[in-house]
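Hi,

Here is the structure I said I would pass on. Have a look at it first, and then read my notes below.

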Amino acid sequence: MPKTVDLAKKILVNNKVKRFVDLNTDLGQSRDSAFFSKTGYELLNAVTSVNIPCAVHDGDPKEILESIRQAKRFNCTIGAHIGYPDPARHGYEPMQLSEEDLTAWIYVQVGAFQAMIRSEGLDIEHIRPHGALYTAFVNDPKVALTVARALHKMNNWFVLVGPAGPVLEQVEKEVGIRTAPEIYLGKRYTGEGKLSLNRVQEFLPPQGVMDQARQLIGQSALTTEDGKTAPVKFKTLHISPTLPQCTEVAERVGQLLIQPVSLSLADIGASGWL
């Protein structure tokens, strides 16, 4: 059984910390189960938060509870991973839902997940869209605003994690919900600093991933797919379990940060309160 990292070490803030950055990963999805079964959840030692599905796009309720318990054991904060109601395709295909339908499905997912996580004495720390719902946030303000308004109505303290860019900035301004801009580590970005949807299934080579991480942490910038450098604002880095050598990458990124922090501290630190 892998050794777990003490909570105090995961949220340590001292004068050596240069950036307040959360490292998040996905937990409890069907495609990731083989990785976690093989590695014994080692990745959870290197990240500070996890996104767990809500039994709509993916996830059996019993397995979701087990994922919550594993995240608790590894001292990771937990977010609800919401998606389109399409379990046959695990939420990776776009769906044309009305605003009313999408809102209702968000209520179902977050409400059920909140009941499960509270059964373990915990609460939802953030909300992150999954798959096709996540990529919709890149260019479709209507979808992003619908999600944000539903969440804000449920709890105006929710933090919405989404792809860094103008749509998420618009959401925070118009709805008033707190947001945590995310960079999907290892993915390519356009000249405007937005996630490249044309090559979203591809990862950069291992050295490219670490170069990207160093540039993000050291310069708050990205080298885009056209070779330019674009400034970017972010509070969390997503490290997918499908990223090659993801545990090693997460550990090395954590070393660049001195110490990664939970999303709540990343949010506070970015605001200048710390």
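This is a predicted model: local features need pLDDT of at least 70, side-chain atom pairs count only at pLDDT 80 or more; totals for chains, interfaces and linings use all residues.

Let's start at N75, which sits in the loop between helix 4 and strand 3 (77–82). Residues are numbered from 1 along each chain as its sequence is written, and side-chain values use heavy atoms, with hydrogens and water left out.

Back to N75: its phi is near 60°, a positive value in a residue other than glycine. Most residues other than glycine have a negative phi. N75 is partly exposed, at 24% relative accessibility (buried is under 20% relative accessible area, exposed is over 50%, and partly exposed is in between, with a 1.4 Å probe and protein chains only). A55 also has a positive phi, about 70°, although it is not a glycine. You'll find A55 in the loop between strand 2 (49–53) and helix 4 (61–73), and at 35% relative accessibility A55 counts as partly exposed.

Now the overall picture. The protein has 11 helices and nine strands. Its radius of gyration is 17 Å, close to the 19 Å that the globule rule gives for 274 residues, so the protein is as compact as a globular protein of that length. (That radius is taken over C-alpha atoms, and the rule is 2.2 Å times the number of residues to the power 0.38.) Along the principal axes, the C-alpha atoms fill a box of roughly 45 × 45 × 35 Å. Of the 274 residues, 54% are buried. The accessible surface is about 12500 Å², with 52% of that belonging to carbon and sulfur atoms; areas come from the Shrake-Rupley method with a 1.4 Å probe, and for residues only the protein chains shown count as cover.

V138 is in helix 6 (residues 131–139) and is buried, at 6% relative accessibility. Beyond its neighbours within four places in sequence, V138 is in contact with P163, V167, K194, L195 and L197. V138 and A164 are 26 residues apart in sequence but 8.1 Å apart in space, C-alpha to C-alpha.

K194, one of those partners of V138, lies in the loop between strand 6 and helix 9. Not counting residues up to four places away, K194 touches V138, N139, P166, R188 and Y189. From K194 to N139 the separation is 55 residues in sequence and 8.9 Å between C-alphas.

A150, in helix 7 (residues 141–154), is buried at 2% relative accessibility. Leaving aside neighbours within four places, A150 contacts T103, I106 and Y107, and its C-alpha is 9.7 Å from that of E100, 50 residues away in sequence.

Next, charges. There are 29 positive and 30 negative side chains, and the centres of the two sets lie 6 Å apart. Lys and Arg count as positive, Asp and Glu as negative, with His and the chain ends not counted; each charge is placed at NZ of Lys, CZ of Arg, CG of Asp or CD of Glu.

How many salt bridges does a search of the whole structure find? Nine, where a salt bridge is a side-chain nitrogen of Lys or Arg within 4 Å of a carboxyl oxygen of Asp or Glu. One of them joins R188 and E202, at 3.5 Å from N to O. R188 and E202 are 14 residues apart, both in the loop between strand 6 (178–184) and helix 9 (206–219). R188 is buried, with 17% relative accessible area, whereas E202 is partly exposed at 34%. E202 also pairs with R199 at 3.1 Å, and R199 is partly exposed at 33%.

In helix 9, D211 and R214 are three residues apart, about one turn of the helix, and form a salt bridge with their closest N and O atoms 3.4 Å apart. Both count as partly exposed: D211 at 40% and R214 at 37%. Elsewhere, salt bridges that share partners join D26, R128 and E182 into one network.

Cheers

Key: Helices (H or I, at least four residues) and strands (E, at least two) are DSSP runs, numbered from the N terminus. Contact means heavy atoms within 4.5 Å.
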